[in-house]
Amino acid sequence: MNRNGIHHVTAIAGNARRNVEFYTRTLGLRLVKKTVNFDDPGTYHFYYGDETGAPGTILTFFPWDHVAPGRLGVGETQETAFRVPAASIGYWTQRFVENGVSHSAPVKRFGESVLTFKDPHGTRLALVGVPGAENEPAWLGTDVPAENAIRGFHSVNLLLAEAAPTGAILTDVFGFKEIGREGSLVRFKAEGTEIGGIVDIHEAGGFLPARMGGGSVHHIAFRAADDAAEFAMVKKLGENHGIATTEQKDRNYFRSIYFREPGHVLFEIATDIPGFAADEPAATLGEALKLPDFLEARRSQIEAVLPEIA
């Protein structure tokens, strides 16, 4: 299995219950892990994805009830896009109308149909129609028909002052290569990777810098097969690009290292191992609140402050 590309995307949301309802009911994703922000355990951390929570399918959220809205600007992820079968764009447009989802008319981007929309807290998202995606696995535990279901990430779109410095990291460290340009967009693709294999950079010099808040993407994580692959990437960042990283952090379901890329977006390198079934059976992923060992002794206090989402 090729292990390049996007591992997960993490964003900031508002009300937790509304976040769960939108991603599980409206978009038909599976809640594969219900845990807390390890650095702020009074806050949930939700992970949504396919049936197993495979790398390249995971969108995660930190929900804070009274978070101030973010401001889109340079140095931020502008849009997170999912793959859907090409023939399903009409279905999703109608579903968004019926569910009151803010969306725009479909457009063409690099020859593909793109339906842009926002979640209830302003997160900028898109569905991209991909020929043949109907033959890929999908989570079927919702009312979204199999032929229309989301098949993981298509791409992320970064809003940056210039593409070249970040493109150098994508190509040298993460195994992408530039495959096309369209207007102010530069497209990079991880060779041999379909799910989560594309990063678009929108060059937009002169814009205000981004302000993090509700609806903002906090960071993007890229895949590393294991610890050895992760540390090899860290070595390249230091030796070839002069970029320092954090120490490795154990996130229970992957091990992470963080750094700011040249355009100021927070990037993470996350291992594919051990995966989301590390602490609960695959059949019941996301049903129970899971805590890391160092927080287990505080479970009663943590559960007392977390909002109800059932």
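## Crossing of helices H3 and H4

In this predicted model, helix H3 passes helix H4 in a right-handed crossing, meaning that the near helix is turned clockwise from the far one by less than a right angle. H3 covers residues 164-172 and H4 covers residues 227-241; helices are DSSP runs of H or I with at least four residues, and strands are runs of E with at least two, numbered from the N terminus.

Two packed helices are described by the angle between their axes and the distance between the axes. For H3 and H4 the angle is about 135° and the axes lie 11 Å apart.

## Residues between the helices

Ala-168, Ile-169 and Asp-172 of H3 are in contact with Lys-236, Leu-237, Asn-240 and His-241 of H4, where contact means heavy atoms within 4.5 Å. These residues comprise three nonpolar, two polar and two charged.

## Strand E1 and its partners

Strand E1 spans residues 6-13, and eight of its eight residues are buried (under 20% relative accessible area, with a 1.4 Å probe). E1 pairs with strand E13, residues 217-224, in the antiparallel sense through five bridges; pairing requires at least two DSSP bridges. Within this pair, His-8 stands opposite Ala-221.

E1 also runs parallel to strand E4, residues 58-63, and six bridges join them. Here Ile-12 has Phe-62 as its bridge partner.

## Basis of the values

Residues are numbered from 1 along each chain as its sequence is written. Local features need pLDDT of at least 70, side-chain atom pairs count only at pLDDT 80 or more, totals for chains, interfaces and linings use all residues, and side-chain values use heavy atoms, leaving out hydrogens and water.

Technical notes
Axes are lines fitted to C-alpha atoms, for helices over the stretch in contact, and angles run from 0 to 180 degrees between N-to-C directions. Ala, Val, Leu, Ile, Met, Phe, Trp, Tyr, Cys and Pro count as nonpolar, Asp, Glu, Lys and Arg as charged, and the others, Gly among them, as polar. Buried means under 20% relative accessible area, exposed over 50%, partly exposed in between (1.4 Å probe, protein chains only).
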